[in-house]
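Me: Please walk me through this structure with a few questions and answers, keeping to what can be computed from the model.

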Amino acid sequence: MRSEVYRNTIPQKFSDPATLKMVNADLAMFQSYHEIITKLEFQIEDSMEVQDPVSYSIINSVPGLGFILSLTILYEIDDIHRFSDVGKFISYCRLVKCSHESAGKKEKGGHNKIGNVHLKWAFSEGAVLFLRNNERGQRWHDKLVQRYGKAKAMSIIAQKLGRTVYYMLKRREAFNPDKFYGDKKIENKDSGGEHLA
């Protein structure tokens with residue numbers, strides 16, 4: 001509802017008639033896509049039979065991870081036990097930058113296409129939705145922005161969500177905000193990658 005109210009204020013920000021026509025066309029197209037996607041999501045939800053309802057409800061307990069994102073994460077992971085540690089998992093999710101070694105020398109970057117692009121998308125999208133109506137999360141986000149900048153702050157939140165989902169599935173526990181925010185360590189020593197994505 002808040003996003004709809006905000007969208008209605010967008011045309012007021014433009015005075016040039018030509019620009020306003022383009023903005024209104026974009027908003028109309030956005031609205032059409034929004035309606036189509038919403039219908040599809042309801043159809044999927046009605047017809048979908050979740051094969052692992054316990055794991056699904058565990059993932060779905062994370063704020064921001066609604067039906068579609070939880071389902072995407074569940075089926076893209078398949079079995080959390082195929083990842084021996086959290087570093088391998090977040091590396092597979094493309095939530096850390098991989099380092100590669102050649103002739104005994106480690107280099108940063110490279111191998112950006114290793115891992116699962118759908119999990120990268122789901123956790124990145126989840127990071128944005130996690131902050132909605134979440135005052136505690138927004139305060140944490142603001143601190144991260146001051147320290148690292150906006151882009152890296154969102155990457156840190158996405159990585160944190162990935163790490164959290166890994167441990168939740170391993171331990172069969174629902175989301176616990178006190179545990180989530182209680183870990184003051186932002187950079188991960190056992191991440192399987194040298195730097196945050």
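**Tyr33 and the wider fold**

Me: Is Tyr33 buried or exposed?
Reply: In this predicted model, the relative accessible area of Tyr33 is 51%. Because a residue counts as exposed when that value is over 50%, the class of Tyr33 is exposed.

Me: Which residues make the nonpolar surface patch of about 570 Å²?
Reply: Tyr33, which has its place in helix α2 (residues 17-47), is one of the residues in this patch.

Me: At what angle do helix α3 and helix α8 pack?
Reply: Helix α3 (residues 53-60) supplies Ser55, Ile58 and Ile59, which meet Val165, Met168 and Leu169 of α8, and α3 passes α8 in a right-handed crossing. With their axes 10 Å apart, helix α3 and helix α8 (residues 150-171) pack at an angle of about 145°.

Me: What pattern does the protein follow along the sequence?
Reply: The protein has nine helices and four strands. Read along the sequence, these elements follow the pattern α-α-α-α-α-β-β-β-α-α-α-α-β.

Me: What share of the residues in the protein is buried?
Reply: The protein exposes about 12,700 Å², of which carbon and sulfur atoms supply 53%. Among contacts with a separation of 6 or more, 63% come from residues 24 or more positions apart. Of the 197 residues in the protein, the buried ones make up 32%.

How values were computed. Residues numbered from 1 in each chain as written. Predicted model: local features only at pLDDT ≥ 70, side-chain atom pairs only at ≥ 80, totals over all residues. Heavy atoms only, no water. Patch = residues over 30% accessible without salt bridge, like charges linked within 9 Å, V, L, I, M, F, W, Y side chains within 5 Å. Areas by Shrake-Rupley, 256 points an atom, 1.4 Å probe, with all protein chains shown as cover. Salt bridge = Lys/Arg side-chain N within 4 Å of Asp/Glu carboxyl O. Helix = DSSP H or I, 4+ residues; strand = E, 2+ residues; numbered from the N terminus. Buried < 20%, exposed > 50% of the residue type's maximum accessible area, 1.4 Å probe, protein only. Contact = heavy atoms within 4.5 Å. Axes fitted to C-alpha atoms, helices over the stretch in contact; angles between N-to-C directions. Left-handed = near helix turned anticlockwise from the far one by under 90°.
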